[in-house]
Amino acid sequence: MREDIPTLYEWAGGSEALNRLTQTFYDKVAQDPIVGPVFRTMSPDHPAHVAAFIGEVFGGPKTYSEKFGGHREMVMHHLGKHLTEEQRRRWINLLADAADAVGLPDDPEFRSAFMGYVEWGSRLAKMNSNLGETCDPETEPMPVWGWGVPGGPYRVPGAK
């Protein structure tokens with residue numbers, strides 16, 4: 001990637017914006033009858049941990065991997081939760097609403113990349129939630145999400 005093209009993390013507004021996003025999102029989740037029960041024992045630090053995870057995936061600091069165990073640990077949090085398709089879809093809708101509420105960039109390129117990750121990640125979480133065994137840390141690398149590949153579906157704002 002060219003050096004002058006910002007990462008999704010930078011374009012979103014960095015850790016401050018992602019922390020606002022996840023706090024607003026989990027405030028909505030706690031009140032929701034469909035996904036709220038899944039998170040009823042959520043620690044007060046959960047929104048900050050998820051913000052760090054999203055930040056790392058979007059090209060920011062490797063905080064989640066260094067402090068909280070990386071992608072393997074995120075997968076482990078979902079094992080045995082038995083998430084449903086209804087819960088997955090509600091989670092996506094609440095996150096999209098929170099992105100609007102906190103003013104994440106609404107340009108089509110960013111939102112396409114953001115929602116692409118949310119769709120992919122929520123499907124992975126649902127799949128992992130129905131597994132009975134743990135994952136192999138060697139096969140669970142931290143995902144890296146960006147604007148897309150050259151010639152791919154995403155156009156970087158301002159790029160020629």
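Hi everyone, let's start with two helices: α2 passes α6 in a right-handed crossing. Before going further, please keep in mind that this is a predicted model.

So how do α2 and α6 pack, and at what angle? Helix α2 covers residues 14-31, and its angle to α6 is about 130°, with the two axes 9 Å apart. That makes α2 oblique to α6. If you want to find the contact on your screen, look in α2 for Leu-21, Thr-24, Phe-25, Tyr-26, Lys-28 and Val-29. Their partners in α6 are Trp-91, Leu-94, Leu-95, Asp-97, Ala-98, Ala-99 and Ala-101. Sorted by class, this contact of α2 with α6 has 10 nonpolar residues, 1 polar and 2 charged.

Let me pick one residue here. Leu-21 lies in helix α2. Is Leu-21 buried or exposed? Leu-21 is buried, because its relative accessible area is 0%, and buried here means under 20%. Now find Ala-98, which is 77 residues away from Leu-21 along the chain. The C-alpha atoms of the two are separated by 6.0 Å. Leaving aside residues up to four places away in sequence, Leu-21 touches Leu-95, Ala-98, Ala-99, Val-102, Leu-104 and Phe-114.

Let's zoom out for a moment. The protein chain has 7 helices and 0 strands. Reading along the sequence, you get the pattern α-α-α-α-α-α-α. The chain has 160 residues, and 40% of them count as buried. There is also a number about contacts in the protein chain with a separation of 6 or more: residues 24 or more positions apart account for 76% of those.

Back to α6, and this time to its other partner in this talk, α7. Helix α6 and helix α7 pack at an angle of about 150°, and their axes are 10 Å apart. That makes α6 roughly antiparallel to α7, because the angle is over the cut-off of 145 degrees. The crossing of α6 and α7 is right-handed.

Which residues meet there? From α6 we have Glu-85, Arg-88, Trp-91, Ile-92, Leu-95, Ala-96, Ala-99 and Asp-100. From α7 we have Arg-111, Phe-114, Met-115, Val-118, Glu-119, Ser-122, Arg-123 and Lys-126. By class, the contact of α6 with α7 divides into 8 nonpolar, 1 polar and 7 charged residues.

Those charged residues bring me to salt bridges. Side chains of opposite charge can pair when their charged atoms come close. How many salt bridges are there in this model? The count comes to 8, and I'll show you three of them.

The side chains of Arg-89 and Glu-85 meet in a salt bridge, at 2.8 Å from N to O. Both residues lie in helix α6, which runs over residues 85-101. They are 4 residues apart, about one turn of the helix. Glu-85 is partly exposed, with a relative accessible area of 24%.

Arg-88 forms a salt bridge with Glu-119, and their closest N and O atoms are 3.2 Å apart. Arg-88 lies in helix α6 and Glu-119 in helix α7, residues 108-129, so the pair ties together parts that are 31 residues apart in sequence. What else does Arg-88 touch? Not counting residues up to four places away in sequence, Arg-88 touches Glu-119, Ser-122, Arg-123 and Lys-126.

And one more pair. Arg-111 and Asp-100 meet through their side chains in a salt bridge, 2.8 Å from N to O. This pair links distant parts of the chain, with Arg-111 in helix α7 and Asp-100 in helix α6, 11 residues apart. Arg-111 counts as buried, at 15% relative accessibility.

Finally, some of these residues join up. Glu-85, Arg-88, Arg-89, Glu-119, Arg-123 and Lys-126 are linked in a network of salt bridges.

Notes. Residues are numbered from 1 along each chain as its sequence is written. This is a predicted model: local features need pLDDT of at least 70, side-chain atom pairs count only at pLDDT 80 or more; totals for chains, interfaces and linings use all residues. Side-chain values use heavy atoms; hydrogens and water are left out. A salt bridge is a side-chain nitrogen of Lys or Arg within 4 Å of a carboxyl oxygen of Asp or Glu. Buried means under 20% relative accessible area, exposed over 50%, partly exposed in between (1.4 Å probe, protein chains only). Axes are lines fitted to C-alpha atoms, for helices over the stretch in contact, and angles run from 0 to 180 degrees between N-to-C directions. Angles under 35 degrees count as roughly parallel, over 145 as roughly antiparallel, 65 to 115 as roughly perpendicular and the rest as oblique. A crossing is left-handed if the near helix is turned anticlockwise from the far one by less than a right angle, and right-handed if clockwise. Contact means heavy atoms within 4.5 Å. Ala, Val, Leu, Ile, Met, Phe, Trp, Tyr, Cys and Pro count as nonpolar, Asp, Glu, Lys and Arg as charged, and the others, Gly among them, as polar.
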